[in-house]
Amino acid sequence: MLLEHHGNAAVVGGGTFLLPRMTRHLLEYEHVVDLKDLGLRQITSTDGEIEIGASVSYVDVLESDLLRSNLALLPRMARGITGGRQITQQGTLVGAVCFHFPTTDAPGAVFALDAMVDIHGPDGRRSVPISDFLIDAFVVDLRPGEFVSSMRFAPQPSGGYCKVKHSTGSWPIVTASAVPGPGGSVRITLGAVESLPVVVTVEDPLDRTELKHRVDSAITAPWSDVLAPGSYRADIAAAVARRAVEDLMGVPK
Ligand SMILES: Cc1cc2nc3c(=O)[nH]c(=O)nc-3n(C[C@H](O)[C@H](O)[C@H](O)COP(=O)(O)OP(=O)(O)OC[C@H]3O[C@@H](n4cnc5c(N)ncnc54)[C@H](O)[C@@H]3O)c2cc1C
């Protein structure tokens with residue numbers, strides 16, 4: 001169906017991005033292809049990898065013991081998703097990644113965990129690293145007739161997260177995900193700050209000068225929108241990164 005109606009059909013996950021835009025005629029499709037009967041609302045562990053199916057919602061992420069002990073960053077991130085139960089129950093992690101609205105939480109967090117994205121289509125299955133899947137704001141590597149069936153991750157038990165937003169109910173302006181790197185280093189992935197996630201590694205995570213220098217020099221084309229100008233995002237990114245590192249290291253707030 002996706003191939004036959006290419007350009008006129010959309011996959012629907014939870015529909016929380018798609019349907020409001022269709023209602024307002026910002027997006028026009030005659031067909032929607034709902035994945036919910038494909039059995040993809042599952043979080044499993046196979047051969048040392050954690051697999052999150054396309055229909056897994058934020059609530060599923062929050063309630064998963066498997067994720068809490070193996071990919072702690074994801075429930076940590078999902079705790080801060082706004083919109084109430086309607087959004088967290090319906091909205092999917094995969095849907096957020098496929099839409100790739102830069103000022104959302106999921107793309108940066110999934111990028112920080114080096115997800116592999118599993119794609120099904122007319123030519124069978126292919127897998128793409130998240131760093132290749134996200135091409136630009138609102139642009140991902142999906143060819144005619146394809147949809148994402150799941151994302152796979154190597155376990156990463158520790159993760160720190162921080163986001164800045166205007167108020168409890170608003171969307172992120174800058175996010176930072178921190179995960180341990182080799183030899184005591186920390187890898188920080190900044191979301192919402194450019195059209196694609198920005199990654200920096202700090203050798204000494206408690207050296208604020210190094211962290212600020214690395215973050216400031218990594219941001220070259222900050223994202224501007226109605227929430228904040230790019231200059232503001234660039235200004236606060238190092239502070240958000242530092243708080244994510246402190247969250248990872250358990251530094252008291
Ligand atoms: C009130 C409100 C508050 C929100 N607050 C936040 C917030 O605080 N932080 C945040 O990050 N986000 C927030 N969001 C956004 C939310 O994260 C997304 O709406 C949700 O994750 C999208 O998932 P979905 O399954 O509903 O996507 P859908 O709306 O179903 O789909 C989104 C897009 O991805 C495509 N798609 C979906 N699944 C697939 C698939 N498997 N394969 C290929 N393409 C697919 C669809 O065709 C569509 O283009 C909020 C949204 C609302 C409405």
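Ile135, Phe138 and Val139 form a nonpolar surface patch of about 250 Å². Such a patch joins nonpolar side chains (Val, Leu, Ile, Met, Phe, Trp, Tyr) within 5 Å, taken from residues with over 30% relative accessible area and no salt bridge; a salt bridge is a side-chain nitrogen of Lys or Arg within 4 Å of a carboxyl oxygen of Asp or Glu. This is a predicted model, in which local features need pLDDT of at least 70 and side-chain atom pairs count only at pLDDT 80 or more, while totals for chains, interfaces and linings use all residues. Residues are numbered from 1 along each chain as its sequence is written, and side-chain values use heavy atoms, with hydrogens and water left out.

**The patch residues**

- Ile135 lies in strand 7, residues 134–136 (strands are DSSP runs of E with at least two residues, helices runs of H or I with at least four, numbered from the N terminus).
- Ile135 is partly exposed because its relative accessible area is 44% (buried means under 20%, exposed over 50%, partly exposed in between, with a 1.4 Å probe and protein chains only).
- Phe138 is in the loop between strand 7 and strand 8 (139–140), and its relative accessibility of 43% makes it partly exposed.

**Positive phi angles**

- Most residues other than glycine have a negative phi.
- Phe138 has a positive phi near 65°.
- His25 also has a positive phi, of about 60°; His25 lies in the loop between helix 1 (18–23) and strand 2 (31–34) and counts as exposed at 55% relative accessibility.

**Around the ligand**

- Among the 32 residues around the ligand, Val11, Gly14, Thr16, Thr92 and Asp105 come nearest (a residue is near if one of its heavy atoms lies within 4 Å).
- A polar side-chain atom of Thr16 is 2.5 Å from an oxygen atom of the ligand, and a polar backbone atom of Gly13 is 2.7 Å from a ligand oxygen atom.
- The protein buries 90% of the 970 Å² that the ligand exposes when taken alone (areas come from the Shrake-Rupley method with a 1.4 Å probe).

**Asp65 and the cysteines**

- Asp65 lies in helix 3, residues 65–70, and is exposed, with a relative accessible area of 54%.
- The side chains of Asp65 and Arg68 are joined by a polar contact of 2.7 Å (a pair of N or O atoms within 3.5 Å; within protein, one must be able to donate a hydrogen and the other to accept it, and residues adjacent in sequence count only if both atoms are side-chain atoms).
- The count of disulfides is zero (a disulfide is a pair of cysteine sulfur atoms within 2.5 Å).
- Cys98 is partly exposed at 23% relative accessibility, whereas Cys162 is buried at 12%.

Terms used:
Patch = residues over 30% accessible without salt bridge, like charges linked within 9 Å, V, L, I, M, F, W, Y side chains within 5 Å.
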